[in-house]
Amino acid sequence: MSWRSLQLRQKACSQDQVVLELFKNKKVKYIGADFEFAAMLDLDAQSQHLVYVINQPLWLSEMLDKVKKLLVPNEFKTFYISVNRYQIVGNDTDITFDRRIDSGATIINLLTSIAQKQGYAVIKSDYFDNDRGRHMNFVQPVTWIYGTSTNNI
């Protein structure tokens with residue numbers, strides 16, 4: 001039995017449901033380590049819709065580099081990126097960021113900046129720094145952005 005079933009008494013938590021609604025009736029390219037959540041999605045490695053869940057330890061520079069490499073211009077029609085800020089093990093950049101102090105809004109600003117430079121527009125975002133378990137799923141606390149390509153692909 002999964003932790004979702006045990007702790008939440010349901011298969012999909014609130015944030016799972018947000019993603020499922022964003023990509024309803026769409027095949028997605030999923031990148032992440034939450035295979036239970038991935039099983040809820042209609043997966044296709046060639047899809048033009050990306051779901052990237054960052055829930056493994058990495059440095060700030062690694063996170064930013066991975067997002068830059070994934071958000072190739074004209075690669076995706078839509079994308080969703082979520083981050084567990086407590087998985088950012090440290091700041092090895094010249095950007096002012098402290099995962100213990102900075103809110104999800106700081107991460108949203110960093111990711112939005114990358115997306116815009118890569119030809120994408122962020123149309124939805126949110127963070128749950130003090131969610132007290134309501135959004136306890138593949139990332140805790142959940143910080144996320146959702147966007148579309150600014151080009152007609």
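Q: How many helices and strands are there in the chain?
A: The chain has five helices and six strands; helices (H or I, at least four residues) and strands (E, at least two) are DSSP runs, numbered from the N terminus. In sequence order the pattern is α-α-β-α-β-β-α-β-α-β-β. This is a predicted model, in which local features need pLDDT of at least 70, side-chain atom pairs count only at pLDDT 80 or more, and totals for chains, interfaces and linings use all residues. Residues are numbered from 1 along each chain as its sequence is written, and side-chain values use heavy atoms, with hydrogens and water left out.

Q: Why is Thr-112 called buried?
A: Buried means under 20% relative accessible area, exposed over 50%, partly exposed in between (1.4 Å probe, protein chains only). Thr-112 has a relative accessible area of 16%, and is therefore buried. Thr-112 is placed in helix 5.

Q: What makes Val-122 and Ile-145 contacts of Thr-112?
A: Contact means heavy atoms within 4.5 Å. Thr-112 touches both Val-122 and Ile-145, with residues up to four places away in sequence not counted.

Q: What makes a set of residues a nonpolar core?
A: The term denotes buried Ala, Val, Leu, Ile, Met, Phe, Trp, Tyr and Cys residues joined through side-chain atoms within 4.5 Å. The largest such core has 24 residues, and Met-63 and Ile-81 have the most contacts inside it. Two or more residues each come from strand 3 (49–54), helix 4 (60–70), strand 4 (78–84) and helix 5 (104–117). Helix 5 gives the most, with six residues.
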